[in-house]
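Thanks for passing this one along. Here are my notes, in numbered points, so that you can follow them with the model open beside you.

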Amino acid sequence: MLYQAYQAHADIMRPVRWFAGFAAMSVGETLNGAARPNTLSNLSAAYELIGRAGLTHQRPAYGINSMEVDGREVAVFEKVVQATPFGTLLHFRKNSAPAQPRVLLVAPLSGHFATLLRATVRTMLAEHDVFITDWHNARDVSPKEGHFGFDDYVNHLIGFLEAIGPGAHVIAVCQPCVAALVAASVMAQDGNPAQPRSITLMAGPIDTRVNPTRVNELAKSKSIDWFERNLIARVPGRYEGAGRAVYPGFVQLAAFMSMNIDRHVKAHRELYANLAKGDAAKAAQTKAFYDEYFAVLDLTAEFYLETVRLIFQEHALPLGALTFMNSKVEPRALNRTTLLTVEGEKDDICAVGQTLAAHDLCTALRPYRKRHHMQAGVGHYGVFSGKSWQQQIYSIVKNVILQSD
């Protein structure tokens, strides 16, 4: 009844939020440049916060319509290269742009849409031909479309790289680092000509035995049966995926927020203050972040449970026990791909050392094909967005791609 209870609450709150949003707009219109803060501006700010107090289950727009390339503005178009019921290979095609290194950006499938990497895409796009794994919300996928588990995720990555063609590069962010390394290893084992020239793993759980975080400890503290009984729900009848077993995105969001609840409370207090005093620029930054953060998608139950079991409980990849389509995965098969790992010093989701562990698995790579970077002073999201990503980490990623292209 987990999903049904959530949906009932959302249905009850929808008219309340609509009224609050309408009231915020109406009160705001009466202010007409009046000095702030005052009673009306405080009321308007409160109404707006109430109006925003809900989740969306639709993918936000990327909103990248143009990009400066070599000193001139070029148009950017989103082109679907390949699509399945569970995911789309999306190409940010630039109009009249020169040939650039092709990069597959592998987005997490962990409760948020791939648009969470919008800033990553924007940074990469000026100097790279960027593709992204645009995962679909499982609640919108009919059960008739069948199963989507860990092997299916890896199969999607292999198929996407084959669609892009030989010579591409891979950047995996957070949770899919394991799947990306598995895909590259399998392609190397098979001699697949589309195997990537470089693979960058950013803040991903290659070996969660290293410096375990609260997330890692929780995953090991309960049995898989417990996770299935308590966190898996059925999609309500009103949606295309009615009856499909899923790990709801709203559950994952609640888990993430509980880890840093004081930070989120502080952010909303500051948002209220900025709205009340009319500081539109600062308010807009906070609203943009939470518009993205509160856009959630559901995972198929099988993918979520297999990920918890294989990566966080059994540590199958670092222990040499992981299989793909019933064949053993051999990262040592990688011998032509450059490996870059990136970690954040203050990452409380994927701790320092967990991503670095990939180097110990790729034993056939020569030293000049291995590189590691630990970014001082940043947490999990700072690895792939924000100033440190733009000003320091990106240049390292770019150089590895150029050297391998």
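**Notes on the pockets, a helix and a threonine**

1. The second largest pocket holds about 720 Å³ of space. It is lined by 34 residues, and those closest to its centre are Val 215, Tyr 247, Gln 252, Phe 256 and Tyr 304. Please keep in mind throughout that this is a predicted model.

2. Which helices build this lining? At least two residues each come from α6 (214–221), α7 (224–231), α8 (249–259) and α11 (301–313). Among the contributors to the second largest pocket, α8 gives the most, with six residues.

3. In the second largest pocket, 26 lining residues are nonpolar, seven are polar and one is charged.

4. Now for the largest pocket, whose volume is about 940 Å³. Its lining has 28 residues, with Phe 289, Tyr 293, Tyr 381, Gly 382 and Ser 385 the closest to the centre.

5. Three helices, α3 (118–125), α9 (261–277) and α10 (280–293), each put at least two residues into the lining of the largest pocket. The largest share is that of α10, at seven residues. By class, the lining of the largest pocket splits into 12 nonpolar, nine polar and seven charged residues.

6. Helix α4 is worth a look as well. Its 15 residues, 150–164, reach 21 Å from the first C-alpha to the last, close to the 21 Å expected at 1.5 Å a residue. Just after α4 comes Gly 165, with a positive phi of about 105 degrees.

7. Which residues of α4 are buried? They are Phe 150, Tyr 153, Val 154, His 156, Leu 157, Ile 158, Gly 159, Phe 160, Leu 161 and Ile 164. As background, an α-helix has 3.6 residues a turn, so residues three or four places apart point the same way.

8. Phe 160 of α4 also turns up among the contacts of Thr 88. Thr 88 sits in strand β3, residues 87–94. Is Thr 88 buried or exposed? It counts as buried because its relative accessibility is 10%, and the cut-off for buried is under 20%.

9. Beyond four places in sequence, Thr 88 is in contact with Val 80, Gln 82, Ala 83, Ile 132, Thr 133, Asp 134, His 136 and Phe 160. With His 136, the side chain of Thr 88 makes a side-chain polar contact of 2.8 Å.

Note on methods:
Residues are numbered from 1 along each chain as its sequence is written. This is a predicted model: local features need pLDDT of at least 70, side-chain atom pairs count only at pLDDT 80 or more; totals for chains, interfaces and linings use all residues. Side-chain values use heavy atoms; hydrogens and water are left out. Helices (H or I, at least four residues) and strands (E, at least two) are DSSP runs, numbered from the N terminus. Buried means under 20% relative accessible area, exposed over 50%, partly exposed in between (1.4 Å probe, protein chains only). A polar contact is a pair of N or O atoms within 3.5 Å; within protein, one must be able to donate a hydrogen and the other to accept it, and residues adjacent in sequence count only if both atoms are side-chain atoms. Contact means heavy atoms within 4.5 Å. On a 1 Å grid over the protein atoms alone, a cavity is a set of points where a 1.4 Å probe fits but cannot get out, and a pocket is an open set with protein on both sides within 12 Å along at least five of seven lines; lining residues have an atom within 4 Å of a point. Grid points are joined across faces, edges and corners, and a volume is the space filled by probe spheres set on the points. Ala, Val, Leu, Ile, Met, Phe, Trp, Tyr, Cys and Pro count as nonpolar, Asp, Glu, Lys and Arg as charged, and the others, Gly among them, as polar. The expected span of a helix is 1.5 Å times one less than its number of residues.
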